[in-house]
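Let's take a friendly walk through this model together, stopping at a handful of local features. Have your viewer ready.

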Amino acid sequence: MYLKPKTLDEAVSLLASSGGQVLAGGTDFYPALGERAPRGCVVDITSLGEIRGISIESGQVRIGGLTTWTEVIRAPLPRCFDALKAAAREVGSVQIQNRGTVAGNLCNASPAADGVPPLLALDAEVELASAAGRRRMPLEQFLAGNRKTLRRADEILSAVLVPRRLKNAASVFLKLGARRYLVISISMVAVVLQSDESGRVAETHIAVGSCSAKAQRLGDLERNLVGLRVKAGIGAAVEAERLSPLSPIDDVRATAAYRRDASLTLVRRALEACVGSR
Ligand SMILES: Cc1cc2nc3c(=O)[nH]c(=O)nc-3n(C[C@H](O)[C@H](O)[C@H](O)COP(=O)(O)OP(=O)(O)OC[C@H]3O[C@@H](n4cnc5c(N)ncnc54)[C@H](O)[C@@H]3O)c2cc1C
């Protein structure tokens, strides 16, 4: 059965009563089916205007779950979102960006989802709506592993919430793939860097994707960079051992050793690019 609710309340109640699957842009949903038809009920949420679009609220930026990557690219957003916009431009092709949504990318929970590292680096939270109400949790917690999230089957990811605290921080996203366009990453890195008044690192957030079951923050490295002067050459302060939490695998795209090496280079380059964009 195919259902197309008009409001979020209607959608969560249909989801609870039908036990159906959520369909948004369909750019992960349909490829995952292959030649099969969907099993059970499909709840198409693309008419829920109330969870589409981006609004700047007093303490946070609210990105509706149905917001497409094209809408992210076009929205006027604070500087710390530059990495997210750069990631949005890397999601597939323009056609995929026109259709694919932020929530779809997060709920699909691929280790190579381009939206995840920038949102982790922004300390994003997700808001989950169900017939029982709304709850929120850090994105880092929501992503439980490769293709696994803490979303209950009756929940819709209604929004991604980003605190505005670091709004003027520099931010950079770098993705390495086997070719320039329409590619799944070998590694990708997002960095958010806040300088203090004396030109030193006050805070930095560094997330790496495609190098573990889920993208992750490198907390030890982040702490180690605090207090360094924000100037060209800062990348050299990143020691290879600080990337030891990563657990890359060998696959058709790259070996684990190559991924590890590439990630180190990307982290260094992303930090240098943050300096360049001050
Ligand atoms: C050719 C091609 C290239 C691609 N390239 C990239 C790429 O370079 N980088 C990248 O990261 N991704 C890429 N993708 C994957 C995909 O486009 C993105 O992950 C996109 O953001 C998915 O969004 P969607 O709205 O299409 O999700 P859908 O396909 O509609 O849904 C994906 C999953 O999330 C669930 N879901 C969707 N929305 C919600 C919601 N609001 N609440 C609860 N559950 C929900 C669905 O049930 C489904 O399980 C590519 C896909 C294709 C087909």
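This is a predicted model: local features need pLDDT of at least 70, side-chain atom pairs count only at pLDDT 80 or more; totals for chains, interfaces and linings use all residues.

Residues are numbered from 1 along each chain as its sequence is written, and side-chain values use heavy atoms, with hydrogens and water left out.

Ser-210 sits in the loop between strand S13 (201-209) and strand S14 (216-217); helices (H or I, at least four residues) and strands (E, at least two) are DSSP runs, numbered from the N terminus. Although Ser-210 is not a glycine, its phi is positive, at about 70 degrees. Leu-182 is another non-glycine residue with a positive phi, here about 50 degrees. You will find Leu-182 in the loop between strand S11 (170-176) and strand S12 (187-195). With a relative accessible area of 45%, Leu-182 is partly exposed.

From loops, let's turn to strand pairing. Strand S6 (residues 125-130) and strand S7 (residues 133-138) run antiparallel and are joined by six bridges (two strands pair if DSSP finds at least two bridges between them). Glu-125 has Pro-138 in S7 as its bridge partner.

How many aromatic pairs does a search of the whole structure find? The search finds one, where rings of Phe, Tyr and Trp (its six-membered ring) pair if their centres lie within 6.5 Å, and planes under 30 degrees apart count as stacked, over 60 as edge-to-face and the rest as tilted. The ring centres of Phe-29 and Tyr-30 are 5.2 Å apart and the planes stand at 80 degrees, so this pair is edge-to-face. Phe-29 is buried, with a relative accessible area of 15%, whereas Tyr-30 is partly exposed at 45%.

Our last stop is Pro-248, in the loop between helix H9 (219-225) and helix H10 (256-276). Pro-248 counts as buried because its relative accessibility is 13%. Leaving aside neighbours within four places in sequence, Pro-248 is in contact (heavy atoms within 4.5 Å) with Cys-211, Ala-256, Arg-259 and Arg-260. Pro-248 and Lys-85 are 163 residues apart in sequence, and their C-alpha atoms are 25 Å apart in space.

Conventions:
Buried means under 20% relative accessible area, exposed over 50%, partly exposed in between (1.4 Å probe, protein chains only).
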